[in-house]
Amino acid sequence: MAPKTPPLFLTLTLLSLLSLLSLVFFYLHSATAPPPPPNAKNALTTSQDFIKVYISPLPRSLNYGLLEKYWALTSDTRVGSEVDNEIRKTLLPKLSKNSLLPYPENPIIKQYSAEYWILGDLSTPEELKGESFAKRVLDYRDADVIFVPFFATLSAELQLVVNKGVFRKRVEENEDYMRQRMVVDLVKKSESWQKSGGRDHVFVVTDPVAMWHIKDEIAPAVLLVVDFGGWYRLDSKTSNDSSSDLMIHHTQVSLLKDVIVPYTYLLPRLHLSENQKRDNLLYFKGAKHRHRGGIVREKLWDLLIDVPGVVMEEGFPNATGKEQSIRGMRRSEFCLHPAGDTPTSCRLFDAIQSLCIPVIVSDNIELPFEGMLDYSEFSVFVAVSDALRPNWLVSHLRSYSSEQKDRYRKNMARVQPIFQYENGHPGGIGPTPPDGAVNYIWKKVHQKLPMIREAITRERRKPPGVSVPRRCHCT
């Protein structure tokens, strides 16, 4: 007869087996189970499919009040002002006192109208916003970003009309400078700026001369710019430009934090079904002589002016010039897009609306919504060095087959709506086009949120008195 198993030994054996099974179960579970969610307060990423925006409280005089000031002018004598002078005579007298005012139609100003449409979208009542990607919140602590509603372009253009002579001076007579100063002083005193150092603030600075005097003070913020051409400058030790000490160093703008936005196009959209036979190979209309990067334009002009199938027109953004551009772009296979004062211009977006294949000759160009769009699907990119070789450019463009050009135009037709700002509502206050420029801008800002939050977190952990130089440059 076998001896009985001691009860204590049996108990210990069972406990050991249970412990072993528990360890195996824990190992298998921890290897397959998802990690716990991060603390929402400290998370550096976001999964929401919209962006929460708080509007910084600025006086009306710094946005819609500037429209009232502009339209109160008796006239504007600059190139392209004829259309606005006509609006002053015909449309404005018919508007009631409380009517919302339009943005100027003068093409020099209108091409930079992003500020108007973005604020209009944010000012639209939530129940009417439709598919807007930006959701307005009323407490800055609930926001992803803080929008600063200053019409910087309109402020600058007003000053150029009223008293151009003091535009570059920091004097009281320069009303644009005084407005810039007011904006920065008000915003930098706010709790939201002091909490983030301005890194989650968004400024619209589309005109290269907008916010000219205080660019260095808003450099930490998210800047909505058409390109970096008005910001990149060599420092005074390496530049022959006597005004370089007033310019902003290239380390204060970056594709890491800033967003390239499209110009407002000036020509009407041509739908693919309306496209007709194009007789010209290449078309360009604009000023031959420009500053800085415009030297390439002058050389191209001299190379192409007498080439059969190429149309080079000297022109300006007035009513006559607009009609010429419509005809020229719609009758040409390709539209030349060389750098001018800055690497890009609204000419690119006019070409897209005209289904004229852009030929981009600008080595330093930045383009809106890259990563969302592939410009190589509807644009031809040419190195400056190749474009300036005699006969090279025309020969290259003639090598494209009809099938290739048709494919470019089909792709252009697909992306045309993405560059649309206008929503068809008075004052711009109403639902924004769901696939339009305003929504794409906010989607691009949304992509920056992890970087913005990381920068804010890094700034907070610095010991008092420590200063870290800005290193924002990227390619």
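**Salt bridges in a predicted model**

Modeller: In this predicted model, R60 and E68 form a salt bridge, with 2.7 Å between the closest N and O atoms.

Biologist: Why is the contact between R60 and E68 called a salt bridge?

Modeller: The closest N and O atoms are 2.7 Å apart, and the cut-off is within 4 Å for a side-chain nitrogen of Lys or Arg and a carboxyl oxygen of Asp or Glu, so the pair qualifies.

Biologist: What makes R60 and E68 partly exposed?

Modeller: R60 has a relative accessible area of 48% and E68 one of 39%. Partly exposed lies between under 20% for buried and over 50% for exposed, so both residues receive that label.

Biologist: Why is K288 called buried, and why is D302 called exposed?

Modeller: K288 is at 17% relative accessibility, and buried means under 20%, so K288 is buried. D302 has a relative accessible area of 52%; exposed means over 50%, so D302 is exposed.

Biologist: What makes K405 and E333 a salt bridge?

Modeller: Their closest N and O atoms are 3.6 Å apart, which is within 4 Å, so this pair also qualifies. K405 lies in helix α15 and E333 in strand β9, so the bridge ties together parts 72 residues apart in sequence.

Conventions
Residues numbered from 1 in each chain as written. Predicted model: local features only at pLDDT ≥ 70, side-chain atom pairs only at ≥ 80, totals over all residues. Heavy atoms only, no water. Buried < 20%, exposed > 50% of the residue type's maximum accessible area, 1.4 Å probe, protein only. Helix = DSSP H or I, 4+ residues; strand = E, 2+ residues; numbered from the N terminus.
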